[in-house]
Amino acid sequence: MSLTVSKLHVNVEGSEILHGITLDVESGTVHAVMGPNGSGKSTLAYALAGHPRYDITQGAVQVDKTDLTHLAPHERAQAGLFLSFQYPVEVAGVPVRQFLRSAQNAFNGKQADPIVFSNELKSEMQTLHFDPSFASRSLNEGFSGGEKKRLEMLQLAVLKPKYAVLDETDSGLDVDAIKLVGNTVREAKERGAGILFITHYSRILRFVAPDVVHVVVNGRVVQSGDAALAERIEKRGYESFRD
């Protein structure tokens, strides 16, 4: 069982950004995608999630052999695919509790027991060091950058997707918040989720040991390897991969 990306070409506003990306993220594994700014990492995330601005012109995306390539974003989510945004949006007037319950119902295709959901939400919020009052606040409205990123992890913990694409969830976080993100990702992996973690830096990978590291430069995977590859990037940067 896997999230399979096969020879993916993606256009954005008429320009091809991804030039044949191929990945195979198996259940219960963490794949890190690393690369410099402008390399196509976020384009990959949005294309996998089905953002209409990101046009897949060639290749395919599959979840457990189900073709997602031409499905709407909500259909991809129902197939088990989750995206954590690099820049989470604010939604005024929609409380966090209401959003998460509606998302879980839509994700699972059935109504959750309100008491079970409430207890689960309370437990996960405690794990991620959220004050209980956050459940009643409007989604991301007035949240700090770190709170928004932790809320993305709360969604991951509550929804329990088969596969998660995490787009620079570690950016702008202090070390304590990075540890919380790492713990949530490890727990998702232990539940059997496949994780595609997109990041610039290797520091998060000290808390989430990747099974595979991919280096993306100019819209292509130029090298894949184990965790030692991330350490090489930390020491030498991305210049050695540009050729």
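These are legends for several close-up views of a predicted model.

A few ground rules first. This is a predicted model, with local features needing pLDDT of at least 70 and side-chain atom pairs counted only at pLDDT 80 or more, while totals for chains, interfaces and linings use all residues. Residues are numbered from 1 along each chain as its sequence is written, and side-chain values use heavy atoms, with hydrogens and water left out.

View 1. Strands and helices are DSSP runs numbered from the N terminus: E with at least two residues for strands, H or I with at least four for helices. Two strands count as paired if DSSP finds at least two bridges between them. Strand 1 (residues 2-12) and strand 2 run antiparallel and are joined by nine bridges.

View 2. Thr43 is a residue of helix 1. What does Thr43 touch, leaving aside residues up to four places away in sequence? Its contacts are Val10, Val12, Ile17, Leu18 and Tyr54, where contact means heavy atoms within 4.5 Å. Thr43 counts as buried, at 11% relative accessibility; buried means under 20% relative accessible area, exposed over 50% and partly exposed in between (1.4 Å probe, protein chains only).

**View 3. Thr22 in strand 2.** Thr22 lies in strand 2 and counts as partly exposed at 44% relative accessibility. Ignoring residues up to four places away in sequence, Thr22 touches Val5, Ser6, Lys7 and Val221. For a sense of scale, 25 Å separates the C-alpha atoms of Thr22 and Tyr87, which are 65 residues apart along the chain.

**View 4. Strand 11 and its pairings.** Five of the six residues of strand 11 (residues 212-217) are buried, leaving the strand mostly covered. Strand 3 (residues 30-34) pairs with strand 11 in the parallel sense over four bridges, and His31 stands opposite Val212 in strand 11. Strand 12 (residues 220-225) pairs with strand 11 in the antiparallel sense over five bridges; there, Val215 stands opposite Gln223 in strand 12. Strands 11 and 12 form a hairpin with two residues between them, and Asn218 in the turn has a positive phi of about 50°.

**View 5. Helix 3 against helix 4.** The axes of helix 3 (residues 96-108) and helix 4 come within 11 Å and cross at roughly 120°. The two helices are therefore oblique to each other. Angles under 35 degrees count as roughly parallel, over 145 as roughly antiparallel, 65 to 115 as roughly perpendicular, and the rest as oblique. Arg97, Leu100, Arg101 and Gln104 in helix 3 meet Pro114, Phe117, Glu120 and Leu121 in helix 4. By type, the residues of this contact divide into four nonpolar, one polar and three charged. Here Ala, Val, Leu, Ile, Met, Phe, Trp, Tyr, Cys and Pro count as nonpolar, Asp, Glu, Lys and Arg as charged, and the others, Gly among them, as polar.

**View 6. Helix 4 against helix 5.** Helix 4 (residues 114-127) and helix 5 (residues 145-159) have axes that come within 10 Å and cross at roughly 140°. That makes helix 4 oblique to helix 5. Phe117, Glu120, Leu121, Glu124 and Met125 in helix 4 meet Leu154, Ala157 and Val158 in helix 5. This contact divides into six nonpolar residues, no polar and two charged.

**View 7. Two loop residues with positive phi.** Most residues other than glycine have a negative phi. Glu13, not a glycine, has a positive phi of about 50°. Glu13 sits in the loop between strand 1 and strand 2, and is exposed, with a relative accessible area of 65%. Glu168 also has a positive phi, near 50°, and is found in the loop between strand 9 (163-167) and helix 6 (175-190). Is Glu168 buried or exposed? At 6% relative accessibility, Glu168 counts as buried.

Methods: Axes fitted to C-alpha atoms, helices over the stretch in contact; angles between N-to-C directions.
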